[in-house]
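Biologist: I would like to learn how to read a protein model. Please take one feature at a time, with the general idea before the case.

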Amino acid sequence: MTPAEHPVSEVLRARRDERSIRGARSDPHRVALVIEGGGMRGVVSAGMAAALERLRLADSFDLVVGSSAGALNGAGLLAGVASAGPAVYYGPLASRKFINPARLLIGRPAVDLTYLLAYAASNFAPQDREGALDLLAPLICVAVDVDTAAPVPFGDLRTEEQVWRAMMATMRMPLFGGRPVEIDGRRFIDGALAAPIPLATALEAGATHVLVLQTRPYGVPRTTGSRLAERLIERHLRRVNPVLERMWRERAAAYEVLVDDIGRRSASPAAEPPHVLGLRPPVGTPVIGQLERRPAVLAAAATAAEALVEEALAGAAAGRRSIRATG
């Protein structure tokens, strides 16, 4: 089955053609968008989100669930600024103001989330803060509770402070991002540790149809790409909570189980909901590292990701190779 023929695609297109809006649907479905992050690899899902916006599909989702950079890209889509998202990655975020590993030597985070979120806040809806918060109502950010090592969804974000803290928590990379984020007396870190692709969160929220935007190409394991970084992060997590260190060590195997499940659901949807369609860069696509800063590499990844979604959901375009559903 091609992505265009999948039940998820059919519902999305039907809603777009009907100009369906949240709270006034003509169908009984609950449609979710789930977005994988991955630090600067989020440029891939940013490109995908930009394509969804261009295809006029943003209003077709009842909820948007993201971990790490996926949550930020989801917020951009809901706020109507997804088209500008990729340029943020290969522009302001490709600077040493955002990523500078040398800061670790003086006890500061290598990744400055304050810089990122301040930039994002100024570009969502600077003239209408209350309206911007209304747009973000369907957003769910997933972070990991440091003490329980469990994924925790943050939804119903009604104030700027709540949005800010949830975003800080879901994107707080172990070691490189600094200390855990405290919310209501609990400490949280990067949601991608326990829920790199928060499909389970969407299904638990009652989703009947789920579009999953994946950032790792086929055949790429879930690793940092650096043995030294692996050891440093393991030591850091061991001090925070030994259970988190074990999760880190086992994350690659857990990730493969997850993407295999998404692949099966995408290729052969069941007769009854929930239906899941995953879109993932094909084999051979260059892998974007979590701390990648080369603008040309980031821009190329975003462009390829946009083309992937446009082809998968809008039908094959002349001169482009066919794109499979994830599997």
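Modeller: We start with two terms. Buried means under 20% relative accessible area, exposed means over 50%, and partly exposed is in between, with a 1.4 Å probe and protein chains only. A nonpolar core is a set of buried Ala, Val, Leu, Ile, Met, Phe, Trp, Tyr and Cys residues joined through side-chain atoms within 4.5 Å. This is a predicted model, where local features need pLDDT of at least 70 and side-chain atom pairs count only at pLDDT 80 or more, while totals for chains, interfaces and linings use all residues. Residues are numbered from 1 along each chain as its sequence is written, and side-chain values use heavy atoms, without hydrogens and water.

Biologist: Which residues touch the most other members of the largest nonpolar core?

Modeller: That core has 80 residues, and the ones touching the most other members are Leu33, Leu52, Met167, Leu211, Leu244, Val309 and Leu313. Helix α11 gives the most to this core, with eight residues. Another core, of 17 residues, lies apart from it and includes Val142, Ile197, Leu199 and Ile262.

Biologist: What is Leu211 in contact with?

Modeller: Contact means heavy atoms within 4.5 Å. Leaving aside neighbours within four places in sequence, Leu211 is in contact with Val8, Leu12, Ala32, Leu33, Val34, Leu52, Phe61, Leu277, Leu279 and Leu313.

Biologist: How is a helix such as α11 read?

Modeller: Helices (H or I, at least four residues) and strands (E, at least two) are DSSP runs, numbered from the N terminus. The expected span of a helix is 1.5 Å times one less than its number of residues. Helix α11 (residues 295–314) has 20 residues, so it should span 28 Å, and its end C-alpha atoms are 28 Å apart, which agrees.

Biologist: Which residues of α11 are buried, and what covers them?

Modeller: An α-helix has 3.6 residues a turn, so residues three or four places apart point the same way. In α11 the buried residues are Leu298, Ala301, Ala302, Ala305, Glu306, Leu308, Val309, Glu310, Glu311, Ala312 and Leu313. Their cover includes α1 (7–18), α2 (42–54), α4 (85–90), β7 (209–213) and β8 (275–279).

Biologist: At what angle do α2 and α11 cross?

Modeller: Axes are lines fitted to C-alpha atoms, for helices over the stretch in contact, and angles run from 0 to 180 degrees between N-to-C directions. Angles under 35 degrees count as roughly parallel, over 145 as roughly antiparallel, 65 to 115 as roughly perpendicular and the rest as oblique. The axes of α2 and α11 come within 7 Å and cross at roughly 40°. That makes α2 oblique to α11.

Biologist: What about α2 and α3?

Modeller: Their axes come within 9 Å and cross at roughly 20°, so α2 and α3 are roughly parallel to each other. In α2, Gly42, Ser45, Ala46, Ala49, Leu52 and Glu53 meet Ala69, Asn73, Gly76 and Leu77 of α3. Helix α3 (residues 69–78) has 10 of its 10 residues buried, so it is largely enclosed by the rest of the structure.

Biologist: How do α9 and α10 pack?

Modeller: Helix α9 (residues 227–240) and helix α10 (residues 242–267) pack at an angle of about 150°, with their axes 5 Å apart. They are therefore roughly antiparallel to each other. Glu230, Ile233, Glu234, Leu237, Arg238 and Val240 of α9 make the contact with Pro242, Leu244, Glu245, Trp248, Arg249 and Arg251 of α10.

Biologist: Where is Phe176 found, and is Phe176 buried or exposed?

Modeller: Phe176 is in the loop between α7 (160–170) and β5 (181–183), and at 13% relative accessibility Phe176 counts as buried. Phe176 and Ile233 are 57 residues apart in sequence and 8.5 Å apart in space, C-alpha to C-alpha.

Biologist: What is there to read in the backbone?

Modeller: Most residues other than glycine have a negative phi, and most peptide bonds are trans. Ser68 has a positive phi of about 55° although it is not a glycine. Ser68 sits in the loop between β2 (63–67) and α3 and is buried, with a relative accessible area of 3%. Leu175, also not a glycine, has a positive phi of about 70°; Leu175 is partly exposed, with a relative accessible area of 23%. The peptide bond from Pro273 to Pro274 is cis, with omega near 10°, and Pro274 lies in the loop between α10 and β8.
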